[in-house]
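Please look at the structure first.

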Amino acid sequence: MPSLQPGTILFAPMEGITNSVYRQVILKYYPQWDFVCCSFLRVPSQGTLSTKKIIEHIGAWTMADEAYRKKTILQILASSNSNLLDTCKKISDLKIQWTDLNLGCPSKKVVSHRGGSYLLSDMQALSKIIKTARSGLSGFFSVKMRVGLHDDKNFLKILKLLESEGVDAITVHGRTKDQMYTGAANWDYIKQAQETVNIPIIGNGDVCSKAQVQQMLNSTKCQGVMIGRCGVAAPWLAKSIKDNVESLSEDTIKQNILEYCNTLTQSFELASKGPIVTLNKLKGVCHHLFDNLDGGQQMKHLVLRSKTLQEFQQRILALLR
Ligand SMILES: Cc1cc2nc3c(=O)[nH]c(=O)nc-3n(C[C@H](O)[C@H](O)[C@H](O)COP(=O)(O)O)c2cc1C
């Protein structure tokens, strides 16, 4: 069973980003992250999800390496029509140690299929899904939730339901679905969750520095902190946090970006179907890399306008060396 020590630092699930190749880079080169979460695996409403699909999603390399397995969280997305029990049993047979259920996805398509954040508005459907998942999963089972669909009226009820149905931990992202990613995440909800249930709470939302990690831990008393967008912008953040480093020099950031881009390029190239696919994948994760550099916005625009992989690499080198 995973151990959620006080101050655990987790890399958040992000669709289109935390795929198998990306997670491999993070786990290999930035081992200071305690856990890294897969983007969601949709459990279909018709038919079943094969064991092969589950392995593909989590990555055969993860399954083959005990150390990586221990740090990986598989996230599933289900609705009340999903064949969830079958999937959960397959996950248990694979001995995947930590499975998380997505209760936060704001996408119109997901909500219209009554999954993700929709479930925060339907206590009956939610209760059924949680019971099913819990009965099928033999490993650690957590839930990652927003505070509601349109408002927070079910928030406390949901927390109590999750606790009473045997959920092992809850990640709270302090926004409703309607808020998408606007405004500031409200950490008071994390504190409220911590005070309401006796299972570990992981705080999430707008954490970008060591100081903010400390602030979230101190002000909410949550057990762990999950970082999303700022982890993509600076995957070395967990190292800075653990090494007690508040801010890095421009030169160190430049060196970090260079190394990161090289590693990512090699990994995407090995796994992808050619340089254009690699280029697009790199562009997908490079948006915020330059945010903390003087002239970073111009650098970003120049790099993102690269038409070939070679141009991308040349521009990165010219800008950062
Ligand atoms: C591009 C993108 C994709 C995301 N995909 C997922 C996902 O697959 N599952 C999930 O639970 N949350 C997903 N999220 C939400 C993040 O995990 C996180 O809760 C949110 O970004 C707030 O944390 P942050 O301020 O540290 O980024 C996604 C967010 C972004 C920006």
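The model is predicted, and local features need pLDDT of at least 70, side-chain atom pairs count only at pLDDT 80 or more, while totals for chains, interfaces and linings use all residues. Residues are numbered from 1 along each chain as its sequence is written, and side-chain values use heavy atoms, with hydrogens and water left out.

**Two domains**

The domain assignment of the protein gives domain 1 (8-242) and domain 2 (250-320); such bounds come from an automatic or database domain assignment. The centres of the two domains, taken over C-alpha atoms, are 28 Å apart. To their contact (heavy atoms within 4.5 Å), domain 1 gives 10 residues and domain 2 gives 12 residues.

The area buried between domain 1 and domain 2 is about 1,100 Å², and carbon and sulfur atoms give 75% of that area. Buried area is the accessible area (1.4 Å probe) that two parts lose on being put together, summed over both. On the side of domain 1, Val21, Val25 and Trp236 lose the most area to domain 2, together 44% of what that side buries.

Between the domains there is 1 residue pair in polar contact (both at pLDDT 80 or more). A polar contact is a pair of N or O atoms within 3.5 Å; within protein, one must be able to donate a hydrogen and the other to accept it, and residues adjacent in sequence count only if both atoms are side-chain atoms.

The elements that give two or more residues to the side of domain 1 that touches domain 2 are α1 (20-29) and α11 (229-233). Helices (H or I, at least four residues) and strands (E, at least two) are DSSP runs, numbered from the N terminus. The largest share of that side, 4 residues, comes from α1.

**The ligand**

Of the 17 residues around the ligand, those that come nearest are Pro13, Glu15, Asn204, Asp206 and Arg229; a residue counts as near if one of its heavy atoms lies within 4 Å.

| Residue atom | Ligand atom | Distance |
|---|---|---|
| Asn102, polar side-chain atom | nitrogen | 3.2 Å |
| Asp206, polar backbone atom | oxygen | 2.7 Å |
| Gly228, backbone N or O atom | oxygen | 2.8 Å |

**Salt bridges**

A salt bridge is a side-chain nitrogen of Lys or Arg within 4 Å of a carboxyl oxygen of Asp or Glu. By this rule the model has 12 salt bridges, with 0 between domain 1 and domain 2. In one of them, Asp168 pairs with Arg134, with the closest N and O atoms 3.0 Å apart.
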